[in-house]
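Subject: Structure handover

Hello,

Here is the structure we spoke about, with sequence and coordinates below. My notes on strand pairing and helix packing follow.

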Amino acid sequence: MPPAEPSAEPDAVPADHGSAERSGTEPSGTEPSGSSAAGSSVSGNGTDGSDGVEDTLDLELTEELLALIAGERSAGAVRTRGTHELLGDPGTWPPARTAAGEFALLPVRPERDLAVVSRWMNDPAVAAFWELSGPESVTADHLRPQLEGDGRSIPCLGVLDGTPMSYWEIYRADLDPLARHYPARPHDTGVHLLIGGVNNRGRGVGTTLLRAVADLVLDNLPRCGRVVAEPDLRNTPSVSAFLSAGFRFSAEVDLPDKRAALMIRDRTYRAQL
């Protein structure tokens, strides 16, 4: 849930656990808030994305993992867990063609993805906002209510040109605790994200993918009139990334764990912003 002046090249930042903010120039993720996730935050690690800290997130993904992911995408695999009544199945949404490459959402499968997502959560830039660092069990406990719930929040890998490089949560904001803090409308859909490797930060990739995911939501959920996010007000890079991705600053919102910028992308004005 995180207004910020647009930065020269905003990107997607790591999100914190209900309030996300980093001082960098590009978003690494967006933080969850409430029972699912209703925050967004951008974080940067300096001009080269390193901030003097050794990068541990640019994973050497195994050929087996990449083959599994490619197979699921090509087969249009459908999740068997939960229901698809609230948000549909992002795994069946057609990929988006972006300036950064072909991008698709792939619903998380813990047996395949837990190690990767947990490692991203232990990046200091991400952990500062999501607050999910620690053993894999910490990430598993965060994923479990979404995977075993009624489908109101769906955790996904972001796959760019066949390689997992980001984590997203697509959630029904009107059914989330966030709805107590703003004038929610039926079928409002929220997003949280984190960019997993520093090589994808600081280059405008986060902004590009934020726009792509908002478009995927609007294209595939016809009853959704708005995509929302709530980055921490102090997280200027994150807010800037949302502004550059076609979101507008709607209001300041006091949430239990942060003061947030309510960002909204309206279906009505998507062609103009």
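Strand E3 (residues 153-160) and strand E4 (residues 163-172) pair in the antiparallel sense, over eight bridges. Please keep in mind throughout that this is a predicted model.

How many of the residues of E3 are buried? The count is eight of eight, so that the strand is mostly covered by the 20% relative accessible area cut-off. In a regular strand, side chains alternate between the two faces of the sheet. For E3, one side holds Ser-153, Pro-155, Leu-157 and Val-159, and the other holds Ile-154, Cys-156, Gly-158 and Leu-160. Both faces are covered, with the residues on each side all buried.

Two helix pairs are next.

Helix H2 (residues 110-121) packs against helix H4 (residues 136-147) at an angle of about 120 degrees, and their axes are 9 Å apart. On the H2 side the contact involves Pro-110, Leu-114, Ala-115, Val-117, Ser-118 and Met-121. These meet Glu-136, Thr-139, Ala-140, Leu-143 and Leu-147 of H4. By class, the H2-H4 contact divides into eight nonpolar, two polar and one charged residues.

The second pair is helix H5 (residues 205-220) and helix H6 (residues 236-244), whose axes come within 8 Å and cross at roughly 50 degrees. That angle makes H5 oblique to H6. H5 passes H6 in a right-handed crossing. Which residues make the contact? From H5 they are Thr-207, Leu-210 and Arg-211, and from H6 they are Ala-241, Phe-242 and Ser-244. This contact has three nonpolar, two polar and one charged residues.

Regards

Technical notes:
Residues numbered from 1 in each chain as written. Predicted model: local features only at pLDDT ≥ 70, side-chain atom pairs only at ≥ 80, totals over all residues. Heavy atoms only, no water. Axes fitted to C-alpha atoms, helices over the stretch in contact; angles between N-to-C directions. Helix = DSSP H or I, 4+ residues; strand = E, 2+ residues; numbered from the N terminus. Parallel < 35°, antiparallel > 145°, perpendicular 65-115°, else oblique. Left-handed = near helix turned anticlockwise from the far one by under 90°. Contact = heavy atoms within 4.5 Å. Nonpolar A, V, L, I, M, F, W, Y, C, P; charged D, E, K, R; others polar. Buried < 20%, exposed > 50% of the residue type's maximum accessible area, 1.4 Å probe, protein only. Pairing = 2+ DSSP bridges.
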